[in-house]
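Please look over the sequence and the model first, then read on.

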Amino acid sequence: MERSFQLLVGLVCIVLMGSLVRTKRDTTGNLLHTEVHSAPTQRWSMQVPAEVSAAAGEAAVLPCTFTHPHRHYDGPLTAIWRTGEPYAGPQVFRCAAARGSELCQTALSLHGRFRLLGNPRRNDLSLRVERLALADDGRYFCRVEFAGDVHDRYESRHGVWLRVTAAPRIVNISVLPGPSHAFHALCTAEGEPPPALAWSGPALGNDSAVLSGPGEGHGHQVTAELPALTHDGRYTCTASNSLGRAEASVYLFRFRGASGASAIALPLGALGLKALLLLGVLVARAAAGRRLEHPVMQDTPPRPQAQESNYENLNQMGPRGPPAATCSP
């Protein structure tokens, strides 16, 4: 034991009060010298996932934890979440904690839907977002600020991407006039993933459709056009993605009145039976208008009726001039 001990050179490392103390002794155990090195200090860092996914209408949690170089900091602090871009994007949440307090008082919560889940005193800034909407989709950045005796701050540079998913929903369907008494239909739907749109109707033949592909979109909305409606009838727009499908219809009815061609387009689905009843009334009125354009001569002369302000105008007409009947749509 003594021989082996003499062949060894003692090397002892002691970490004391944030410093690394290194001592070296000779073979007899006598202290040769002592080296004191500063222990590596903890740096600023933030840990967030790359992406969090949740469905529209539900809640999502955005995790965020951090480290900092200030030991046992208990001064005032502020926790901040922003969206869009780091350092300059609009804030959606902000809270502040007083010296020595673990309660972070909320100062800002956009639309009241953002709530801090973590404890900033324990290096946790995790945030909960309630009642998700497609507009919440985007990148979020967490930030912490120290005040008082220590002034320091740190913010995640890459952030966490909140991906909001939703089944399709048709937000608008309409028929619009074009040149030469032509009509075209537009359908706009939203969803995530962006839905594919398809049109079907009498102008397309039985069980046929015009696929829109991604269509012309803005954000989570896509629009598909049916360029020419050549037949009266019901035209249906169907939106579909991996989460579901939705459809809405519009009924086109064209008629010709005294002033030219006109059309009536009724959205179906939401109106249902009421729309069909209204269509029947409009058809009856249009038919009555056609009868007025081409009056039928009767064997029995009509009963004379009293005239008011137009009595003199009738006297000024030629003796054999027939009365004119007009109808506007």
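Cys 64 and Cys 142 form a disulfide, with 2.1 Å between their sulfur atoms; a disulfide here is a pair of cysteine sulfur atoms within 2.5 Å. The model is predicted, so local features need pLDDT of at least 70 and side-chain atom pairs count only at pLDDT 80 or more, while totals for chains, interfaces and linings use all residues. Residues are numbered from 1 along each chain as its sequence is written, and side-chain values use heavy atoms, leaving out hydrogens and water.

**The chain as a whole**

- The protein chain has 3 helices and 23 strands; these are DSSP runs numbered from the N terminus, with helices being H or I of at least four residues and strands E of at least two.
- Of its 329 residues, 33% count as buried, where buried means under 20% relative accessible area, exposed over 50%, and partly exposed in between (1.4 Å probe, protein chains only).
- Among contacts between residues at least 6 apart in sequence, 50% join residues at least 24 apart; a contact means heavy atoms within 4.5 Å.
- The accessible surface of the chain is about 20900 Å², and 54% of that belongs to carbon and sulfur atoms; such areas come from the Shrake-Rupley method with a 1.4 Å probe, and for residues only the protein chains shown count as cover.

**The disulfides**

- How many disulfides does the rule give? The count comes to 3.
- Cys 64 lies in the loop between β6 and β7 (65-67) and Cys 142 in strand β13, so this pair ties together parts that are 78 residues apart in sequence.
- The torsion about the S-S bond of Cys 64 and Cys 142 is about 75°, so this disulfide is right-handed.
- Cys 64 is buried at a relative accessible area of 0%, and Cys 142 is buried at 1%.
- Cys 95 and Cys 104 form another disulfide, their sulfur atoms 2.1 Å apart, and with a torsion of about 90° about the S-S bond it is right-handed.
- Cys 95 is buried at 0% relative accessible area, and Cys 104 also counts as buried, at 13%.
- Cys 187 is joined to Cys 237, S to S 2.0 Å, and this link is left-handed, with -80° about the S-S bond.
- Cys 187 lies in strand β16 (residues 183-192) and Cys 237 in strand β21 (residues 233-241), so the pair ties together parts 50 residues apart in sequence.
- If you number the bonded cysteines in sequence order, the pairing reads 1-4, 2-3, 5-6.

**The nonpolar cores**

- The largest nonpolar core has 32 residues, and Leu 62, Trp 81, Phe 93, Leu 125, Tyr 140 and Leu 162 touch the most other members; such a core is a set of buried Ala, Val, Leu, Ile, Met, Phe, Trp, Tyr and Cys residues joined through side-chain atoms within 4.5 Å.
- Elements giving two or more residues to this core include β5 (51-55), β8 (77-83) and β15 (160-177).
- Another core, of 19 residues, lies apart from it; among its members are Ile 170, Phe 183, Tyr 235 and Cys 237.
- Leaving aside neighbours within four places in sequence, Leu 125 is in contact with residues including Trp 81, Cys 64 and Cys 142.

- An open sheet of 3 strands has the order β6-β12-β11, with antiparallel pairing; two strands pair if DSSP finds at least two bridges between them.
- β6 and β11 stand at the edges with a single partner strand each, so one side of each is left without a neighbour in the sheet.
- β11 and β12 are joined by 3 bridges, and Phe 114 stands opposite Val 129 in β12.
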